[in-house]
Amino acid sequence: DVSPVAAGLIGATVLVVSVSVAVFVWTCCHQQAEKKHKTPPYKFIHMLKGISIYPETLSNKKKINRLRRDKSGGAGAAGRGNVSVDAAESGLVGSEKVPEGPPTAPHVDQLPIKVDYGDELSPDQSLTPGGSKTSSPSSPGDDVLLGELTFSVDYNFPKKALVVTIQEAHGLPVMDEHTQSSDPYIKMTILPDKRHRVKTRVLRKTLEPVFDETFTFYGIPYSQLQDLVLHFLVLSFDRFSRDDVIGEVVVPLAGVDPSTGKVQLTREILKRNIQKCISRGELQVSLSYQPVAQRMTVVVLKARHLPKMDITGLSDPYVKVNVYYGRKRIAKKKTHVKKCTLNPVFNESFIYDIPAELLPDVSVEFLVIDFDRTTKNEVVGRLILGAHSAGAAGAEHWREVCDNPRKAVAKWHSLSEY
């Protein structure tokens, strides 16, 4: 016979264990469903000179080392290439951990007054085209020869896979005046969804790069090929500032039929057409300068009409604020992440100590970034105010702030592509 107290304890224990197991099972199922829901519409495999380096062999150090040895021994003028294997799920920027929690007090940064321009700039620095070693060939005129790009398109019917091989480029312009050469690489995007941005490795000091890299995208029905467009962006790597844009190649697959076999294509690299870029939304910011305290207050107010970055049709945006003195970044801050919205309201302020005589050389860069917990964060758009403003609206906003001290000037600005 069991006493009523013992029976009650046994029953309570069984109930607690049952509830705990049920909660654990439900949590596991929920996480699995979320992970499945976030899976991109199709996967891809990256082939470098016939050897798969993504994603199966990323952890195979022997194969990666052998690739690097082969590249250093056989590339010659192409340089001892750094094999870039993050082409698959990399966004425009690296993954950044954003603090979440209740809003804090305004941040105050003391900016360095003495800046040694002999110091090396940060590799992740992303200022305006004015920070490049040379001006982009897209600026002088339409008569600049930007070279040609050779690639091939194929389709694997059994696996429903689109196969794009970036082979080589010829006649690229000189982007580095010191070496009279370039460090080219290519970013490829499948439009119109822009779900995948892949890139080749950087080939050092060459105007005739031979990439020979294959990207295989699985799960694309042949019937959808006619609606897709391949966008190739040709860039030159810059260690100390933003990479120089050489040009672009846009290839609609509506005029390409890979059903009978591999289609070899050669297209002229054209000057980048910024007007083709889709709208990146708008950002409202407020700036004010206190000449007595010599402080600049930057307030990130809100954004609207941001593009859809997640498969749910929404985004998880936050804003990264970079302050530059000349070409050198001297401060960076981030707002909190706003979950599941295309029209976020931030209302977060940042305060910087800036002497009045430095204002003509100061720029404030706003990067609107989509936070992703599983892959790298992706830049939605950007805005620059100050010395390196790309548009007339940004320069006018900065001039109005400088001409009206102690007055907060808030304006909407269209975001440009990063």
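In this predicted model, Met-188 stands opposite Phe-232 in strand β9. The pair belongs to a contact between two strands: β6, residues 184-191, and β9, residues 229-236, pair in the antiparallel sense. Their pairing extends over 8 bridges. Both strands are part of an open sheet of 4 strands. The order in this sheet is β7-β6-β9-β10, and the pairing is antiparallel. The edges are held by β7 (197-199) and β10 (244-252). Each edge strand has a single partner strand, so one side of each is left without a neighbour in the sheet. Neighbouring strands of this sheet are turned by 20° against each other on average, with direction ignored.

A further open sheet of 4 strands has the order β15-β14-β17-β18. Its pairing is antiparallel. Here β15 (328-334) and β18 (378-386) stand at the edges. Each has a single partner strand, and therefore one side of each lacks a neighbour in the sheet.

Strand β12 spans residues 282-290 and is mostly covered. Of its 9 residues, 7 are buried. Strand β12 pairs with strand β13, residues 295-304, in the antiparallel sense. The pairing of β12 and β13 counts 9 bridges. Gln-290 stands opposite Arg-295 in β13. The two strands form a hairpin with 4 residues between them. In this hairpin, Gln-294 takes a positive phi near 55°. Strand β12 is also joined to strand β19, residues 409-414. These strands run antiparallel, and 6 bridges link them. In this pairing, Leu-283 stands opposite His-413 in β19.

The surface was examined next. Val-17, Val-21, Phe-24 and Val-25 form a nonpolar patch there. Together they have about 370 Å² of accessible area. One of these residues, Val-25, lies in helix α1, which runs over residues 4-37. Is Val-25 buried, partly exposed or exposed? Its relative accessibility is 41%, and therefore Val-25 counts as partly exposed. The reasoning rests on the cut-offs: buried means under 20% relative accessible area, exposed means over 50%, and partly exposed lies in between.

Of its 418 residues, 47% count as buried. The protein exposes about 21500 Å². Carbon and sulfur atoms supply 55% of this area. Contacts were also sorted by separation in sequence. Among contacts between residues at least 6 apart in sequence, 70% join residues at least 24 apart.

Key:
Residues numbered from 1 in each chain as written. Predicted model: local features only at pLDDT ≥ 70, side-chain atom pairs only at ≥ 80, totals over all residues. Heavy atoms only, no water. Patch = residues over 30% accessible without salt bridge, like charges linked within 9 Å, V, L, I, M, F, W, Y side chains within 5 Å. Areas by Shrake-Rupley, 256 points an atom, 1.4 Å probe, with all protein chains shown as cover. Salt bridge = Lys/Arg side-chain N within 4 Å of Asp/Glu carboxyl O. Buried < 20%, exposed > 50% of the residue type's maximum accessible area, 1.4 Å probe, protein only. Pairing = 2+ DSSP bridges. Contact = heavy atoms within 4.5 Å. Axes fitted to C-alpha atoms, helices over the stretch in contact; angles between N-to-C directions.
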